[in-house]
Each structure stands twice: as structure tokens, then as C-alpha cells.
Amino acid sequence: MQVDAVVLDIDGVLVDVADSYRRAIIEAVDRVCGKSIDREAVQSFKNAGGFNDDWELTDAAALFVLARREGLRMDVEEFTDRIAADDDGGIEAAKRVVAELPSVAQARVRDQWDTDRLRDTFQALYLGEELYRELEGGDPPVSAPGYITDEATLVDPDTIDHLTDRFAVGVLTGRPAAEAEIALERVGLDIPDAHRITMDDPEAGKPDPEGLIALADRLDAERVAFAGDTLDDVRTARHADRTDDDRVYYGIGVLTGGLTGEDGRRAFSADGADAVLDDVNGLVDLLEAVDP
């Protein structure tokens with residue numbers, strides 16, 4: 001795997017978000033809808049594809065909960081399988097599944113589906129009161145200490161030193177830019193803004209390859225390794241490799257997000273991962289023989 005650039009996801013790769021973003025998804029839906037999904041269901045949505053944006057995953061989970069209340073006869077596995085089978089995936093696919101309800105039930109779901117409240121609640125839970133006021137403005141709708149403080153680092157300082165010394169390094173994440181900056185500061189990864197693509201940038205989100213290709217261009221790279229913790233991350237690399245005739249892209253699955261153990265390894269391999277690592281620190285050995 002000869003590469004001259006490494007692109008990293010943040011969530012589940014550089015920092016552990018099991019008790020931050022994913023907890024915020026579950027609790028935001030519960031607070032707004034009076035019922036929620038569990039962590040395994042969150043992973044089912046992630047595996048379905050199209051949920052690089054955790055706000056949209058929260059919206060889809062709420063849509064599922066409300067639709068079930070109004071008579072949708074599906075469990076979460078069937079619901080997310082239907083999303084996965086849809087060409088668009090993500091929130092638009094979730095809406096199409098719910099559209100199969102009778103029109104009166106659909107109307108009741110729409111009346112209860114408050115995406116603004118879901119987003120504000122999610123941000124209040126994730127950021128906590130002080131950061132919410134700083135980044136979102138105004139008072140948070142709920143009081144919480146901020147799950148962002150529970151994000152343990154997953155990458156060793158030596159790994160960061162190795163990668164930044166030997167390769168051009170970029171970041172491709174579904175986080176807003178301000179939240180990406182907080183995570184990068186926490187792990188000690190200092191890279192220029194031009195080498196980061198976040199939710200706030202105009203490029204389409206994963207698994208669309210637009211952001212990864214843009215980063216490859218900015219990094220002046222010919223061969224790119226992209227490490228992420230979801231199937232959509234691997235799909236992004238595969239799509240980029242098919243779309244961009246001028247470069248080679250490798251998709252590397254990391255087993256420190258929702259996909260773990262042998263089941264996670266098999267899922268990544270089945271989706272075309274070029275390599276699967278126990279954690280991001282394994283990149284050092286994987287790319288050790290590279291002479292960029």
C-alpha cells in the first residue's frame with residue numbers, strides 16, 4: 001500500500017464517541033419523542049449508509065420511533081435494511097419508508113417530528129451549557145454537563161508524529177468545524193484548515209467522494225489512504241477510486257467505532273476495505289514500508 005497522503009476521520013478513529021455523539025442521539029430522541037432506540041440500533045442506521053451527519057441520524061431515529069407509534073410494523077433492523085436498499089440512503093430513504101403509512105398516520109408523524117427541537121436538544125446534551133452558548137448562541141433547551149468532555153483519545157502522540165512527519169495528512173469528518181477543532185486540539189493533531197473538510201464545507205458528505213477527492217488535490221497526493229470507522233468511510237474511498245482516474249485511494253476500516261471485533265472485521269472486508277485495523281495506531285506498521 002504505497003501512499004503519499006493519509007486522510008483521517010475523527011469520530012471513532014481519533015476520539016471515542018460512544019458516550020458523546022451516540023449517547024446524544026439516543027437521549028435527544030428520548031427527550032423529544034418520549035421513547036428512543038438503543039446503541040445497537042444506532043449502529044444499524046450507520047451501517048445502512050448515508051448518515052455521516054449525526055443530526056440526520058437523530059432525525060431518522062425519531063422518525064422511526066414516531067412511525068412505530070403510528071402503526072409502522074417494522075423493527076429497526078427491517079427499517080434500516082430498507083434504507084440500505086434505497087439508492088439514496090440516509091434521511092431521504094427513511095422518509096420514503098415512513099411514506100408507506102396511511103396518509104392520516106403520516107400526517108400525525110409529521111406533526112410530531114420536530115427536527116429543530118431534536119437538533120437543539122442534541123447540541124445541548126453534547127456541548128453542555130457553556131459551549132452551547134458559545135457555539136450555538138442563546139440558552140440551551142436542556143441542562144447537561146456536555147458529553148463532549150467524555151471523548152477519550154484513541155490515537156497515540158507517537159502515531160501523530162509518525163504520520164505528520166512522513167505523509168501529507170488531512171481530515172474528513174461529518175463534524176461541524178468548531179467541534180472538529182476541539183477534537184483535533186485534544187489529540188494534538190495540528191493541520192491547516194485547508195487540509196480539513198467538515199460539515200461546514202460545501203463538499204458533499206460521505207459516502208460521496210467529493211470531499212476526499214478535494215483533499216487529495218489540496219494535499220497534492222497521488223495515492224491516498226483514508227481511515228474511518230464506518231462502512232460509509234470505506235465506501236467513500238471506493239467511490240473516489242472509481243471516480244478519480246488520476247489517483248489511487250485505499251479504504252481502511254478501524255475497529256474502534258461502532259464496528260468492532262470479528263463481526264466488524266468481516267463487515268469492513270465484505271464492503272471492500274483494503275485493510276482493517278484494531279485501531280488507528282496500526283497505520284504506523286501498515287504504512288511502515290512506504291517511501292513517499
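**Cavity, pocket and fold**

Mentor: The lining of the largest cavity divides into 7 nonpolar, 5 polar and 12 charged residues. Please bear in mind that this is a predicted model.

Trainee: What makes the largest cavity a cavity, and what is its volume?

Mentor: The term applies because a 1.4 Å probe fits at its points but cannot get out. The volume of the largest cavity is about 270 Å³, and a search of the whole structure finds 1 cavity of 30 Å³ or more.

Trainee: Which residues lie nearest the centre of the largest cavity?

Mentor: Of the 24 lining residues, Asp11, Lys46, Phe51, Asn52 and Asp54 lie nearest the centre. Helix 1 (21–33), helix 3 (54–69), helix 7 and helix 11 (231–243) are the elements that give two or more residues to this lining.

Trainee: What is the volume of the largest pocket, and which residues are closest to its centre?

Mentor: The largest pocket holds about 280 Å³ of space. It is lined by 19 residues, and Asn52, Glu203, Ala204, Gly205 and Lys206 are the closest to its centre. The lining of this pocket comprises 5 nonpolar, 8 polar and 6 charged residues.

Trainee: Why is helix 7 called roughly perpendicular to helix 9?

Mentor: The axes of helix 7 (residues 115–135) and helix 9 (residues 177–187) cross at roughly 100° and come within 13 Å. Angles of 65 to 115 degrees count as roughly perpendicular, so helix 7 is roughly perpendicular to helix 9.

Trainee: Which residues of helix 7 and helix 9 meet?

Mentor: From helix 7, Gln123, Tyr126, Leu127, Leu131 and Leu135 meet Ala178, Glu179 and Ile182 of helix 9. The residues of this contact divide into 6 nonpolar, 1 polar and 1 charged.

Trainee: Why is the protein chain called as compact as a globular protein of its length?

Mentor: The chain has 13 helices and 6 strands. Its radius of gyration is 19 Å, close to the 19 Å that the globule rule gives for 292 residues, so the chain is as compact as a globular protein of that length.

Trainee: Which residues are joined by a cis peptide bond, and what is omega there?

Mentor: Lysine 206 and proline 207 are joined by a cis peptide bond, with omega about 10°. Proline 207 lies in the loop between strand 3 (196–197) and helix 10 (210–218).

Trainee: What is the phi of aspartate 220, and where is this residue placed?

Mentor: Aspartate 220 has a positive phi of about 55° although it is not a glycine. Aspartate 220 is placed in the loop between helix 10 and strand 4 (223–228).

Notes. Residues are numbered from 1 along each chain as its sequence is written. This is a predicted model: local features need pLDDT of at least 70, side-chain atom pairs count only at pLDDT 80 or more; totals for chains, interfaces and linings use all residues. Side-chain values use heavy atoms; hydrogens and water are left out. Axes are lines fitted to C-alpha atoms, for helices over the stretch in contact, and angles run from 0 to 180 degrees between N-to-C directions. Helices (H or I, at least four residues) and strands (E, at least two) are DSSP runs, numbered from the N terminus. Angles under 35 degrees count as roughly parallel, over 145 as roughly antiparallel, 65 to 115 as roughly perpendicular and the rest as oblique. Contact means heavy atoms within 4.5 Å. Ala, Val, Leu, Ile, Met, Phe, Trp, Tyr, Cys and Pro count as nonpolar, Asp, Glu, Lys and Arg as charged, and the others, Gly among them, as polar. On a 1 Å grid over the protein atoms alone, a cavity is a set of points where a 1.4 Å probe fits but cannot get out, and a pocket is an open set with protein on both sides within 12 Å along at least five of seven lines; lining residues have an atom within 4 Å of a point. Grid points are joined across faces, edges and corners, and a volume is the space filled by probe spheres set on the points. The radius of gyration is taken over C-alpha atoms; the globule rule is 2.2 Å times the number of residues to the power 0.38.
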